[in-house]
Amino acid sequence: LPLEPASASAVCMGACMKRVAAPDAADASERKRPFAALPEVTPGRVPVYVMMPLDWMSDDGGSLRNGDILLNQFESLKRAGVRGVMADIWWGLCEAEPGKYNFGACKALCSLLASVGLELQATMSFHQCGGNVGDPVSIPIPAFALSVAREKDMLYRHADGDVSEDCLSLSADNQRAFAGKLGPQTRTPLDCYRDYTAVFLSTVGAENIGTVITELQVGMGPCGELRYPSYMMSKGWNYPGVGLVMADDTGMRSQLKANTGLSALPAGLPTEKNAMPDDSPVFAAAAKGGDEAFRKGDAKVFFEWYQKVLLDHGATLLVEADAAIKQANVNVPAEKLAFSVKVSGLHWHVMHPSRATEACAGYNSCTSDTADAYNAIAAMIARSAQSMGRPIFFNFTCLEMTNVDNNGNPQTQSAPEDLIAQVRRACIRHDVPLSGENALEFDLATGGWAFERMNKQLRGWSPGRDKMHAVTLLRLNDNFVANDSLLELGKFTSST
């Protein structure tokens, strides 16, 4: 099974997921033959989308890569009952120079989708592609942004030297460091994100917004997710390590002191990215009747702050996305163009009292009996949606995973089903639409086990808030639209 991740969390799940053997060579040509006799499918209640290849656009962002192939694939997906596709709109390709944009591929994609009758979930990808298992391409953030970020310490950093170039640090959001129309050092990262989204919308045109493009996923961090880059395979991380706290860049330390009075990060944080929770004093479970370090003192203050500034960053980015619509002078009803926030499915060590993996990534469910990261995220999304009068989806991963996937590796203390249930309850409480993705690619033709698991989570039969809004499958390729794959895909889309 290929390990091309939908998100960073997908990579982590690779070590524990069921593998499905690829078809043998004798079957390959038959499977890839166009399936002219595929019956047209009537979709179920929960719409199904499919992720595009990561390298769907040309290196300059100006054109489609393999447009004829995409057209054939789109036609097959349409017959199989798929609602649309999700595509990364790469900052590193479409704004190679400051203020000079090339969204030709995006406009061509919209035209192709419109001709077939499919929708587009457009992901504003302000992060790099590459550095994870299975990544077929490497797309860094724009050189003009990366060079300045390196020079001015605007990248997330760990105390021992690990630096992430996945995205810019949230502490730099308001730092005027990037060139723009008014000259050098006139734009903040927030300005860049807003300008980029506005030009994207104006380029694809009003005729596609709210009709073809029905969702903007707002990039918020590594892999587009609302989190810190706490686990990086490119830096030697392996599942099920808890990762590292990434808050030692100048901006984060300055913000920590200003907000909390703490002049340094708390003692006892992980120094080894592949450590288990009990290896780090701050996360170690206490003996019966004892107090854990993460529930008191500087550690408690830090982890609550670490999450708060992350959620404030997410809320600010949603405001900037809304401002981009106005900047682009797009007149589209709010219900026709939703936003979404992608949240990582960090399912390992969920059963440890510290929930250390989540804490390192900025999700605090450990500092008190009432700490609930997903409730806090859902509340932030609900406030933002109410403020701007626009639906915002909570997009979560690992829908095909179960609690028994790790029964041969008990040290993971993994519980994805419990985690999904926690997220669902948070979304129900705050009336936030929940959508989701599978974690890893699987062979659709033999993937009945995965479809069954996902359908269980979709709850398409429910009349209440627990029914999921949509599911997105990864990732489009030749095998995805092979004969037997399309038949199984059609069964799934009609059953939701």
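Student: Which residue forms a salt bridge with D153, and how far apart are the closest N and O atoms?

Tutor: The partner of D153 is R157, with the closest N and O atoms 2.7 Å apart. This is a predicted model. R157 has a relative accessible area of 19% and is buried, because the cut-off for buried is under 20%.

Student: Which residues are linked with D153 in a network of salt bridges?

Tutor: The network of salt bridges links D153 with R157, D248 and R253.

Student: How many salt bridges are there by this rule?

Tutor: The count comes to 28 salt bridges. Among them is the pair K342 and E437, whose closest N and O atoms are 3.2 Å apart. This pair links distant parts of the chain: K342 lies in strand β9 (residues 338-343) and E437 in strand β11 (residues 434-437), 95 residues apart. Both K342 and E437 are buried.

Student: Is R459, which meets D466 in a salt bridge, buried or partly exposed?

Tutor: R459 is partly exposed, at 26% relative accessibility, whereas D466 is buried at 13%. Their side chains meet at 2.7 Å, N to O.

Student: Which residues of α11 are buried, and what covers them?

Tutor: In an α-helix there are 3.6 residues a turn, so residues three or four places apart point the same way. The buried residues of α11 include Y374, I377, A378, I381, S384, A385 and M388. The elements covering the buried residues of α11 include α9 (297-327), β9, α10 (356-361), β10 (392-396) and α12 (416-430).

Student: What is found at the two ends of α11?

Tutor: At the start of α11, a side-chain oxygen of D372 comes within 3.1 Å of the backbone nitrogen of Y374. Just after α11, G389 has a positive phi of about 65°.

Student: Last, a single residue. Where is T496 found, and which backbone oxygens does its side chain reach?

Tutor: T496 is in the segment after α14 (483-495). The T496 side chain reaches the backbone oxygen of V46 at 2.8 Å and that of T493 at 3.2 Å. T496 is buried, with a relative accessible area of 5%. Not counting residues up to four places away in sequence, T496 touches G44, R45, V46, V48, N455, L458 and G460.

Methods: Residues are numbered from 1 along each chain as its sequence is written. This is a predicted model: local features need pLDDT of at least 70, side-chain atom pairs count only at pLDDT 80 or more; totals for chains, interfaces and linings use all residues. Side-chain values use heavy atoms; hydrogens and water are left out. Helices (H or I, at least four residues) and strands (E, at least two) are DSSP runs, numbered from the N terminus. Buried means under 20% relative accessible area, exposed over 50%, partly exposed in between (1.4 Å probe, protein chains only). A polar contact is a pair of N or O atoms within 3.5 Å; within protein, one must be able to donate a hydrogen and the other to accept it, and residues adjacent in sequence count only if both atoms are side-chain atoms. Contact means heavy atoms within 4.5 Å. A salt bridge is a side-chain nitrogen of Lys or Arg within 4 Å of a carboxyl oxygen of Asp or Glu.
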